[in-house]
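Please look over the structure below before reading on. The paragraphs that follow lead through it step by step.

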Amino acid sequence: MCSEVPNTHRFNVSFNMDDKAYALPPSSRVLVTGANGYLASQIIDLLLSRGYLVRGQVRQHRQWLDEHFKGKYGDLFESVILSELDDREGIAPLLDDVAGVILVVWELSWYRSGNGAGLTIVRQWTCPLKMTRPSSRKQ
């Protein structure tokens, strides 16, 4: 189920993950969208610290992201570029070997005033999704 993050200018991000309440066991691969955003990067850091393999989706290459997470966690993290989430052909390979997806999205609103144009964050959503896909491997 998606959770709305309150519309504030400051975020106090904390996650309570009881070791016995995991939907996916550590060492599972999780895809996190918007990996270079503040909230998504905090989620990624938590997942990596708990032993998950994380594939972080970004719209364009972010060197600092790779340097930060690979420097701290090694090969547990990989970034992948997908400029549009509705690109069905592009997203398919990102889902290979993925056990779950955490969709982090922003709803933005543009406005115009006498002082020019601006951007307001209307809502931010996080949606943890558990994936089940039939195995393509023959038993």
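**A walk through the chain**

Aspartate 96 has its place in the loop between α3 (88–91) and β5 (100–113); helices (H or I, at least four residues) and strands (E, at least two) are DSSP runs, numbered from the N terminus. The model is a predicted one, in which local features need pLDDT of at least 70 and side-chain atom pairs count only at pLDDT 80 or more, while totals for chains, interfaces and linings use all residues. Residues are numbered from 1 along each chain as its sequence is written, and side-chain values use heavy atoms, with hydrogens and water left out.

Aspartate 96 is partly exposed, with a relative accessible area of 40%. On this scale buried means under 20% relative accessible area, exposed over 50%, and partly exposed in between, with a 1.4 Å probe and protein chains only. Aspartate 96 lies 65 residues from leucine 31 in sequence, and their C-alpha atoms are 9.8 Å apart in space.

Aspartate 97 is also found in the loop between α3 and β5. Aspartate 97 is exposed, at a relative accessible area of 60%. Most residues other than glycine have a negative phi, and most peptide bonds are trans. Aspartate 97 is not a glycine, yet its phi is positive, near 60 degrees.

Serine 27 likewise has a positive phi, of about 85 degrees, although it is not a glycine. Serine 27 belongs to the loop between β1 (3–5) and β2 (29–32). With a relative accessible area of 52%, serine 27 is exposed. Alanine 23 has its place in the loop between β1 and β2, and at 56% relative accessibility alanine 23 counts as exposed. Alanine 23 and alanine 99 are 76 residues apart in sequence, while the distance from C-alpha to C-alpha is 10.0 Å.

Now to the helices. Helix α1 covers residues 38–49, twelve residues in number, and reaches 17 Å from its first C-alpha to its last. This is close to the 16 Å expected at 1.5 Å a residue, where the expected span is 1.5 Å times one less than the number of residues. Which residues of α1 are buried? They are Leu39, Ala40, Ser41, Ile43, Ile44, Leu46, Leu47 and Leu48. Glycine 51 follows α1 and has a positive phi, near 90 degrees.

Two packed helices are described by the angle between their axes and the distance between the axes. The axes of α1 and helix α2 (residues 63–73) come within 11 Å and cross at roughly 15 degrees. That makes α1 roughly parallel to α2. Axes are lines fitted to C-alpha atoms, for helices over the stretch in contact, and angles run from 0 to 180 degrees between N-to-C directions. Angles under 35 degrees count as roughly parallel, over 145 as roughly antiparallel, 65 to 115 as roughly perpendicular and the rest as oblique.

The contact (heavy atoms within 4.5 Å) is made by Ser41, Ile44, Asp45, Leu48 and Ser49 of α1 together with Phe69, Lys72 and Tyr73 of α2. By class, the contact of α1 with α2 has four nonpolar, two polar and two charged residues. Here Ala, Val, Leu, Ile, Met, Phe, Trp, Tyr, Cys and Pro count as nonpolar, Asp, Glu, Lys and Arg as charged, and the others, Gly among them, as polar.

Isoleucine 81 has its place in strand β4 (residues 77–81). Leaving out residues up to four places away in sequence, isoleucine 81 touches Val58, Arg59, Gln60 and His61. Isoleucine 81 and glycine 56 are 25 residues apart along the chain, with 8.5 Å between their C-alpha atoms.

Finally, the chain as a whole. The protein chain has three helices and six strands, in the pattern β-β-α-β-α-β-α-β-β along the sequence. Buried residues make up 31% of the 139 residues in the protein chain. Of the contacts with a separation of 6 or more, 61% are between residues 24 or more positions apart.
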